[in-house]
Amino acid sequence: MKTFKRWLNSFLLYELLKGLKVTFVNMFRRKATIQYPEEKTPLSPRFRGLHALRTYPNGEERCIACKLCEAVCPASAITIEAGVRESDGTRRTTKYEIDLFKCIFCGFCEESCPVDSIVETRVFDYHFENENEKVMTKPMLLKMGQIYEDQIAADRAADAKYR
């Protein structure tokens with residue numbers, strides 16, 4: 001009996017008809033397509049995109065050149081050079097660069113920072129015209145921090161609720 005049933009299913013293409021049933025059922029459902037440049041999907045507050053350096057409300061940069069982010073980076077994408085600020089003798093960065101071709105956006109740099117200086121924004125749609133733009137320098141990172149400070153602060157507040 002099993003042999004006859006197997007032969008009948010094979011003859012009538014039962015598996016094919018089962019697959020086509022799934023196709024026909026889903027054919028008339030509402031589509032879930034997003035028209036990307038005009039419409040954007042919601043992102044989690046914990047999404048990791050382009051990097052930014054934050055500043056204090058008085059405009060002073062937060063980075064104290066501890067080099068923890070450089071040490072913890074598994075891809076060796078961060079390069080930091082430190083120097084002493086002449087005005088008050090504190091240690092600050094003279095060079096802070098992130099090679100975005102090396103970066104794997106793991107977030108370790110963000111987690112290791114003791115003063116919450118380096119953060120990852122929600123910016124994910126970026127491109128490069130020239131190869132030398134792949135390295136984000138300190139002025140570029142500070143500019144990103146100024147542009148997205150409100151969003152970064154809101155994400156930090158939302159993240160604090162879950163801790």
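In this predicted model, the side chains of Lys40 and Asp125 meet in a salt bridge at 3.1 Å, N to O, where a salt bridge means a side-chain nitrogen of Lys or Arg within 4 Å of a carboxyl oxygen of Asp or Glu. Lys40 lies in the loop between α2 (14-27) and β1 (51-53) and Asp125 in the loop between β4 (118-120) and β5 (135-136), so the pair ties together parts that are 85 residues apart in sequence. Helices (H or I, at least four residues) and strands (E, at least two) are DSSP runs, numbered from the N terminus.

A second salt bridge joins the side chains of Arg54 and Glu149. Because Arg54 lies in the loop between β1 and α3 (68-72) while Glu149 belongs to helix α6 (residues 149-161), this pair ties together parts that are 95 residues apart in sequence.

| Salt bridge | Distance, N to O |
|---|---|
| Lys40 and Asp125 | 3.1 Å |
| Arg54 and Glu149 | 2.7 Å |

Arg54 is buried, with a relative accessible area of 6%, whereas Asp125 is partly exposed at 39% (buried is under 20% relative accessible area, exposed over 50%, partly exposed in between, with a 1.4 Å probe and protein chains only).

Residues are numbered from 1 along each chain as its sequence is written. Local features need pLDDT of at least 70 and side-chain atom pairs count only at pLDDT 80 or more, while totals for chains, interfaces and linings use all residues, and side-chain values use heavy atoms, leaving out hydrogens and water.
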